[in-house]
Amino acid sequence: MSLLSVRHISKRFAGVAAVSDVSFDVQAGELLALIGPNGAGKSTCFNMLNGQLKPDSGQVILDGVDVVGKSPRQVWKHGVGRTFQIAATFGSMTVLENVQLALHSYRSGVFAVWQAMSHSHRQDALSLLEQVGMHEHADRPCSVLAYGDVKRVELAVALSNQPKLLLMDEPTAGMAPKERNELIALTKRLVIERQIGALFTEHSMDVVFGYADRMIVLARGKLIAEGEPNAVRADPKVQEAYFGT
Ligand code: ADP
Ligand code: MG
């Protein structure tokens, strides 16, 4: 059984078929890239996987449970971690406090800054920060970090619920090539160590071809290709829809 089985999901917005009958799987230990031109339906897909949007039809089966109809919080509880396209850390709080808050929020069900700090979860937060290479920055406010480092903190935050599946919508947007490669290499290492699945959208083909185990391609809401990156790259349908040749 796959870790994640997406079956025939569709979503329309006022006449626009944003996602049409899309099916794919993610295995444990796998880093899967989702690519496609702007407006292809990538974010809509993500939002249907994390409970933000309810598909008009179809199933999203994570670890044997259909999560369609569950709230984002329930889906998070069930084991989906996510990062956001726009940095979602609290700049005035330290690196450590951001992770403490995430851990506290998951464990107590209460999103409360003061409680989180007094409750600590300090060791576990430091351990997560060590896993993303940010423990030496633990006491710095997030607002002073380099952008690539903020993304690492976000990854630690996304891991605070011990997710089975990580969703990352354009995690490397706005990053320099070197930082991009480092972030995805780190993600890949975590995916293997933790035997979780990760799905990410990405514009840089160097990153996709360098790190993704498999890729899926969306165009105008439809899944047009899927497989090992080199095979997908050679697919004429992909060449036409995505690379515009
Ligand atoms: P991508 O992330 O691949 O760029 P999106 O999933 O954001 O694509 O968008 C897919 C299509 O759905 C686009 O045509 C977009 O305009 C439309 N769309 C996305 N979200 C909404 C919304 N909330 N309301 C109306 N149309 C939307
Ligand atoms: Mg998008």
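Predicted model: local features only at pLDDT ≥ 70, side-chain atom pairs only at ≥ 80, totals over all residues.
## A residue in a loop

The phi angle of Asp63 is near 50°, which is a positive value in a residue other than glycine. E4 and E5 form a hairpin with 2 residues between the strands, and Asp63 takes its positive phi there.

Is Asp63 buried, exposed or partly exposed? Asp63 has 17 other C-beta atoms within 10 Å, so it counts as partly exposed.

E4 and E5 belong to an open sheet of 4 strands, with the order E2-E1-E4-E5 and antiparallel pairing. E2 and E5 are the edge strands: each has a single partner strand, so one side of each is left without a neighbour in the sheet. Helix H1 packs on this sheet and touches E1, E2 and E4. The direction of H1 makes about 60° with that of E2.

What holds strands together in general? Strands of a sheet pair through backbone hydrogen bonds, either parallel or antiparallel. Here is how the pairs go in this sheet, one by one:

- E1 and E2 pair in the antiparallel sense over 7 bridges. Leu4 stands opposite Val26 in E2, and Ile9 stands opposite Val22 in E2.
- E1 (residues 4–13) and E4 (residues 57–62) are also antiparallel, with 5 bridges. Ser10 has Ser57 in E4 as its bridge partner.
- E4 and E5 (residues 65–66) pair in the antiparallel sense over 2 bridges. Leu62 stands opposite Val65 in E5.

There is another hairpin here, made by E1 and E2. It has 2 residues between the strands, and Ala14 takes a positive phi near 35° in it.

Which residues are around it? They are Phe13, Val16, Ala18, Gly36, Asn38, Gly39, Ala40, Gly41, Lys42, Ser43 and Thr44. Strand E2 (16–26) and helix H1 (42–49) are the elements that give two or more residues to this shell. The largest share comes from H1, with 3 residues.

Sorted by class, the shell has 4 nonpolar, 6 polar and 1 charged residues.

## The other sheet

There is also an open sheet of 6 strands, in the order E6-E7-E8-E3-E9-E10, and its pairing is mixed. Which strands stand at its edges? Strand E6 (80–83) and strand E10 (222–227) do, and each has a single partner strand, so one side of each has no neighbour in the sheet. Neighbouring strands are turned by 20° against each other on average, direction ignored.

Look at the E6 end. E6 and E7 (residues 165–168) pair in the parallel sense over 4 bridges, and Gly81 stands opposite Leu166 in E7. Helix H6 (residues 147–158) packs on the sheet and touches E6 and E7. The direction of H6 makes about 165° with that of E6.

Over at the E10 end, find Arg220 in the loop between strand E9 (214–219) and E10. Arg220 has a positive phi of about 45° although it is not a glycine. Arg220 is partly exposed, with 16 other C-beta atoms within 10 Å.

Finally, the whole chain. How is it divided into domains? Domain 1 covers 1–79 + 164–245, and domain 2 covers 89–162. Their centres, taken over C-alpha atoms, are separated by 25 Å.

The domains do meet: 11 residues of domain 1 are in contact with 8 residues of domain 2. On the domain 1 side, helix H7 (residues 177–194) gives the most, with 6 residues. By class, that side of domain 1 has 7 nonpolar, 2 polar and 2 charged residues.

Note on methods. Residues numbered from 1 in each chain as written. Chains lettered and ligands numbered in written order. Near = placed C-beta within 6 Å. Nonpolar A, V, L, I, M, F, W, Y, C, P; charged D, E, K, R; others polar. Domains from an automatic or database assignment. Contact = placed C-beta atoms within 7 Å. Pairing = 2+ DSSP bridges. Axes fitted to C-alpha atoms, helices over the stretch in contact; angles between N-to-C directions. Buried ≥ 20, exposed ≤ 12 C-beta atoms within 10 Å, placed from the backbone.
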